[in-house]
Amino acid sequence: MGGGLLLMLKIKPILTEKSLEAAGSGKYSFWVSASLTKYKIKKLVEEIFGVHVKKVWTQNRTGKIRTTLARKKVTVRPKKKVLVVLEGKEKIDLFHRKGEK
């Protein structure tokens, strides 16, 4: 059970209106570490959610240096946005409302 929690820390779902609408057609979006490859992301999603991944699309987001209101420099780490397409009629319950089919 502890291993599953560690895997969940590597992947964070994106729950916006646009991503929830795309989830209706079997496309799910996540934030992951920039060091993960498409193959690792596929295996991670399959292991955590128990689904079969058909395709993985990635977008790299570069790290930035931001200045806060207190004039401090803060580094925003690079991350990767992932769009995962599932096979057939499979779905991830996290992205769907209870009354929705």
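## Exercises on a predicted model

Helix α3 spans residues 38-49; its 12 residues reach 16 Å from first to last C-alpha, close to the 16 Å expected at 1.5 Å a residue. The expected span is 1.5 Å times one less than the number of residues. Helices (H or I, at least four residues) and strands (E, at least two) are DSSP runs numbered from the N terminus.

The model is predicted: local features need pLDDT of at least 70, side-chain atom pairs count only at pLDDT 80 or more, and totals for chains, interfaces and linings use all residues. Residues are numbered from 1 along each chain as its sequence is written, and side-chain values use heavy atoms, leaving out hydrogens and water.

**Exercise 1.** Determine which residues of α3 are buried, and what follows the helix.

*Solution.* Buried means under 20% relative accessible area, exposed over 50%, and partly exposed in between (1.4 Å probe, protein chains only). By this criterion, the buried residues of α3 are Ile41, Leu44, Val45 and Glu46. Glycine 50 then follows the helix, with a positive phi near 65°.

**Exercise 2.** Classify serine 19 as buried or exposed, and locate its side-chain polar contact.

*Solution.* Serine 19 belongs to helix α2 (residues 17-23). Its relative accessible area is 6%, so serine 19 is buried. Its side chain reaches the backbone oxygen of isoleucine 14 at 2.6 Å. A polar contact is a pair of N or O atoms within 3.5 Å; within protein, one must be able to donate a hydrogen and the other to accept it, and residues adjacent in sequence count only if both atoms are side-chain atoms.

**Exercise 3.** Describe the geometry of the aromatic pair of tyrosine 28 and phenylalanine 95, and state which parts the pair ties together.

*Solution.* Rings of Phe, Tyr and Trp (its six-membered ring) pair if their centres lie within 6.5 Å; planes under 30 degrees apart are stacked, over 60 edge-to-face, and the rest tilted. The search finds three aromatic pairs in the whole structure. Tyrosine 28 and phenylalanine 95 are edge-to-face, at 5.0 Å centre to centre and 65° between the planes. Tyrosine 28 lies in strand β2 and phenylalanine 95 in the segment after β6, so the pair ties together parts 67 residues apart in sequence.
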